[in-house]
Amino acid sequence: MPRNKSDVIAGLTKKGFENSKNSHHQYYTYRALEGKLSDVYTYTSHSGKELSDSLLSKMSRQCKLRREEFLKFVDCTMTQQTYEQNLKDQEII
């Protein structure tokens, strides 16, 4: 089910992702709770107000989450602490 692009971006930025402006895409890089910038990132296109299922799946993989987890993350039912622990368990950060 497509999601509103601004809602997804708001969910990401509330959970530690920072916008790194790029000429073609909007990149969002995860900053860990300790303040260190990580290698985890995702991006969206400038066009459109909705993100397709396909793009949401790609974004979830970039964020190292299953699609269902990613949707919980951006819907704010998964905390940033839980997300970060997930990344630590996978030895990503």
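Begin by selecting Arg 67, which counts as partly exposed because its relative accessibility is 23%. What you have open is a predicted model. From Arg 67, bring up Asp 53, with which Arg 67 forms a salt bridge whose closest N and O atoms are 2.8 Å apart. The pair links distant parts of the chain, with Arg 67 in helix α3 and Asp 53 in helix α2, 14 residues apart. Asp 53, at 33% relative accessibility, is also classed as partly exposed.

Helix α2 (residues 53–62) and helix α3 (residues 67–74) pack at an angle of about 90°, their axes being 9 Å apart, which makes α2 roughly perpendicular to α3. To see the contact itself, select Asp 53, Leu 56, Ser 57, Met 59 and Ser 60 on the α2 side, together with Arg 67, Phe 70 and Leu 71 on the α3 side. Sorted by class, this contact of α2 with α3 comprises four nonpolar, two polar and two charged residues.

The contact of α1 with α3 divides into five nonpolar residues, one polar and one charged.

Now select Arg 3 and Asp 75, whose side chains meet in a salt bridge at 2.7 Å, N to O. Arg 3 lies in strand β1 and Asp 75 in the loop between α3 and α4 (80–89), so the pair ties together parts that are 72 residues apart in sequence. Arg 3 is partly exposed at a relative accessible area of 22%, and Asp 75 is likewise partly exposed, at 41%.

Strand β1 (residues 3–4) also holds Asn 4, which is the next selection. The side chain of Asn 4 makes a polar contact of 2.5 Å with the side chain of Ser 6. Beyond its neighbours within four places in sequence, Asn 4 is in contact with Lys 49 and Glu 50, while the C-alpha atoms of Asn 4 and Leu 51 are separated by 6.2 Å.

Finish in helix α4, where Lys 88 and Glu 84 lie four residues apart, about one turn of the helix. Their side chains meet in a salt bridge at 3.7 Å, N to O.

Technical notes:
Residues are numbered from 1 along each chain as its sequence is written. This is a predicted model: local features need pLDDT of at least 70, side-chain atom pairs count only at pLDDT 80 or more; totals for chains, interfaces and linings use all residues. Side-chain values use heavy atoms; hydrogens and water are left out. Helices (H or I, at least four residues) and strands (E, at least two) are DSSP runs, numbered from the N terminus. Contact means heavy atoms within 4.5 Å. A polar contact is a pair of N or O atoms within 3.5 Å; within protein, one must be able to donate a hydrogen and the other to accept it, and residues adjacent in sequence count only if both atoms are side-chain atoms. Axes are lines fitted to C-alpha atoms, for helices over the stretch in contact, and angles run from 0 to 180 degrees between N-to-C directions. Angles under 35 degrees count as roughly parallel, over 145 as roughly antiparallel, 65 to 115 as roughly perpendicular and the rest as oblique. Ala, Val, Leu, Ile, Met, Phe, Trp, Tyr, Cys and Pro count as nonpolar, Asp, Glu, Lys and Arg as charged, and the others, Gly among them, as polar. A salt bridge is a side-chain nitrogen of Lys or Arg within 4 Å of a carboxyl oxygen of Asp or Glu. Buried means under 20% relative accessible area, exposed over 50%, partly exposed in between (1.4 Å probe, protein chains only).
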